[in-house]
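Please read it alongside the sequence and the coordinates.

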Amino acid sequence: MKLSAETRTENIDWLQNNQLDLLVIGGGITGAGIALHASAKKMAVGLIEMQDFAAGTSSRSTKLVHGGLRYLKNFEVELVANVARERAIIHHNAPHIVQPRKMLLPVYDEQDASFTDFSAEIALQLYDQLGEVSEEWRYSLITKEEVREEAPGIKEEGLLKGGLYLDYLNDDARLTISILKTAHQQGAKITNYVKAVGYLYDEENRINGVEVADKETGETFSVYARVVVNATGPWSDETRHMQKNRQESRMLPTKGVHFVVDHSRLPVKRTIYTDTGLQDHRMLFIIPRNGKTYFGTTDTPYEGDLVDPKITQEDVTYLLEAINIRFPGANLTLADIETGWSGLRPLIQPEDAKDPSDISREHEIFISEEGLVTIGGGKLTDYRLMAEDTLKTIESLLDKKFLEVDTATIHLSGGEIKAGYTFNDYCEPAIKIGVAAGLSETDARTLIDWYGTDFESVLEGLDAVKKSRLPVKDALSLQYAMQYEMALNLEDYFLRRVETLLFDYNRMRALLMPALEQMAAHYQWGEEKQQKEKEKLISAMERAHLTDLR
Ligand SMILES: Cc1cc2nc3c(=O)[nH]c(=O)nc-3n(C[C@H](O)[C@H](O)[C@H](O)COP(=O)(O)OP(=O)(O)OC[C@H]3O[C@@H](n4cnc5c(N)ncnc54)[C@H](O)[C@@H]3O)c2cc1C
């Protein structure tokens with residue numbers, strides 16, 4: 001089902017002319033999950049996002065769906081249990097995006113190790129139990145020689161053994177977009193580049209809508225809704241502070257940074273999860289992905305621009321120091337870093353001041369006197385549970401029960417695999433269809449990995465892209481992004497509909513002009529607009545490439 005610029009105009013028109021049951025502010029994964037759940041319950045629901053979908057934290061994570069093995073150190077057993085069970089559900093509903101892998105926890109005999117020879121095994125066992133992991137995926141132990149094979153160049157001093165355990169790889173932005181596409185199919189009216197700028201009130205001073213600004217046209221208009229949900233992640237306080245009554249600040253965003261290097265510079269064979277080696281109780285993920293390896297993350301309290309949290313020299317120094325401790329022969333420097341990204345965790349301020357890494361990742365819902373429902377905290381992995389809790393709160397606020405639904409059973413767009421079949425069963429014949437349509441096997445496979453069962457709709461764009469100078473795979477996905485995923489500009493496409501800007505940076509110079517031409521032809525952009533869009537993309541590329549630190 002199309003989700004295009006035309007759909008956007010229709011949705012905006014609809015939002016202006018109808019009273020909603022629910023308006024969600026924020027098009028990250030939290031807002032997306034709520035919109036999907038509400039639309040499945042047949043509520044009249046709208047969602048507005050002031051930037052592009054997932055442009056906040058939901059495209060800037062470690063890109064895992066994980067239960068948080070580390071949280072077991074803080075005895076957050078309930079959190080881990082809830083989140084760990086979600087992994088299999090999300091995989092089942094979006095198997096093309098969320099994929100199970102055995103990850104490696106190397107165990108060291110060293111000062112302040114997060115997991116010791118003794119505790120590692122207990123933690124892995126508990127992690128499996130809490131996540132109700134099936135037998136084939138349960139943890140196993142490997143020798144230090146095997147660890148060296150899996151992670152060539154890893155520090156050998158003090159290495160005792162390794163634990164292989166289940167977690168899931170993810171594409172955060174694509175997961176968010178898939179949830180939104182599914183919500184759209186269920187009837188939610190969603191739009192990007194529309195910002196909430198103030199609240200509307202009834203005679204009893206209760207919020208009954210939102211004043212919004214369309215950032216594409218500059219127009220402002222009112223949207224009326226019986227309940228308004230603030231799902232703005234790191235912006236939650238800003239969104240709460242727009243109310244008439246003074247609100248205490250509740251959020252404590254912390255910044256996390258990741259860097260991408262060529263896989264040959266850090267040739268790990270699977271995801272590694274290890275202490276930084278800096279005795280700071282922090283851990284690093286080192287993750288192979290599409291010919292690259294990325295690693296992170298930092299966790300530092302953050303104040304400043306929420307839209308573009310800058311990567312600093314300190315971030316570079318810290319992560320390079322940590323990675324070079326863990327992989328002493330790698331000698332990674334800034335010159336090895338191809339790209340990086342930085343995101344803000346939407347954490348809720350704890351009563352007592354703790355180390356940022358110790359702040360719980362639990363979510364919390366608070367309702368203001370004026371009736372604004374705010375959902376803060378949480379992780380990508382528990383978006384569905386956050387939506388469930390939010391909908392319960394809304395139903396009790398409205399004192400009305402809507403349709404009972406179990407979102408665990410809703411396949412996300414692209415994940416509609418027939419019962420009894422696996423994603424791999426789908427891939428083989430789909431690749432053949434792609435090859436018959438003129439794609440190489442590799443390109444067909446890439447598109448299937450990105451779009452899952454939506455691949456067939458992607459192929460429908462073949463005629464439209466005949467004139468494109470992009471390689472056919474890229475031309476097809478750009479066309480699809482414009483027609484089915486509301487990509488309005490080059491950055492939406494290269495950063496959040498596909499991950500080319502972060503994980504295939506070296507191709508960006510060659511892709512830029514042909515992509516601009518294809519988009520300009522589709523949207524009928526004039527010279528001035530084209531120039532502006534080109535400059536915007538170049539500055540996004542420079543940010544990702546850390547140009548100002550070189
Ligand atoms: C470094 C890092 C690594 C992480 N790794 C993982 C991981 O591997 N796995 C995992 O499960 N979780 C991970 N997380 C946590 C996870 O990414 C976040 O919890 C999640 O993405 C938050 O989503 P959200 O929708 O609440 O916030 P966001 O994604 O930030 O969405 C909020 C949206 O609200 C919009 N908005 C703000 N104000 C307005 C307004 N006035 N009008 C309209 N829209 C507005 C913003 O533009 C934004 O897009 C990580 C987080 C970080 C920072």
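Ala-225 is buried, with a relative accessible area of 1%. The model is predicted. Ile-431 is also buried, at a relative accessible area of 17%, and a UniProt domain feature is placed at residues 406-529.

**Ala-225**

- Strand β10, which spans residues 220-230, contains Ala-225.
- The relative accessible area of 1% falls under the 20% limit, so Ala-225 counts as buried.
- Beyond its neighbours within four places in sequence, Ala-225 is in contact with Gln-19, Leu-20, Asp-21, Leu-22 and Leu-23, as well as with Asn-208 and Gly-209.
- Ala-44 is 181 residues away from Ala-225 along the chain, and the two C-alpha atoms are separated by 8.9 Å.

**Ile-431**

- Helix α10, made up of residues 423-436, holds Ile-431.
- Ile-431 is classed as buried because its relative accessible area, 17%, is under 20%.
- With residues up to four places away in sequence set aside, Ile-431 touches Glu-441, Ala-444, Arg-445 and Ile-448.
- Thr-407 and Ile-431 are 24 residues apart along the chain, with 30 Å between their C-alpha atoms.

**Annotated domain**

- An unreviewed UniProt entry gives residues 406-529 as "domain: Alpha-glycerophosphate oxidase C-terminal".
- Across residues 406-529 the chain is 60% helix and 0% strand.

Conventions. Residues are numbered from 1 along each chain as its sequence is written. This is a predicted model: local features need pLDDT of at least 70, side-chain atom pairs count only at pLDDT 80 or more; totals for chains, interfaces and linings use all residues. Side-chain values use heavy atoms; hydrogens and water are left out. UniProt positions are given in the numbering used here, feature names are shortened, and annotations may be inferred rather than shown by experiment. Helices (H or I, at least four residues) and strands (E, at least two) are DSSP runs, numbered from the N terminus. Buried means under 20% relative accessible area, exposed over 50%, partly exposed in between (1.4 Å probe, protein chains only). Contact means heavy atoms within 4.5 Å.
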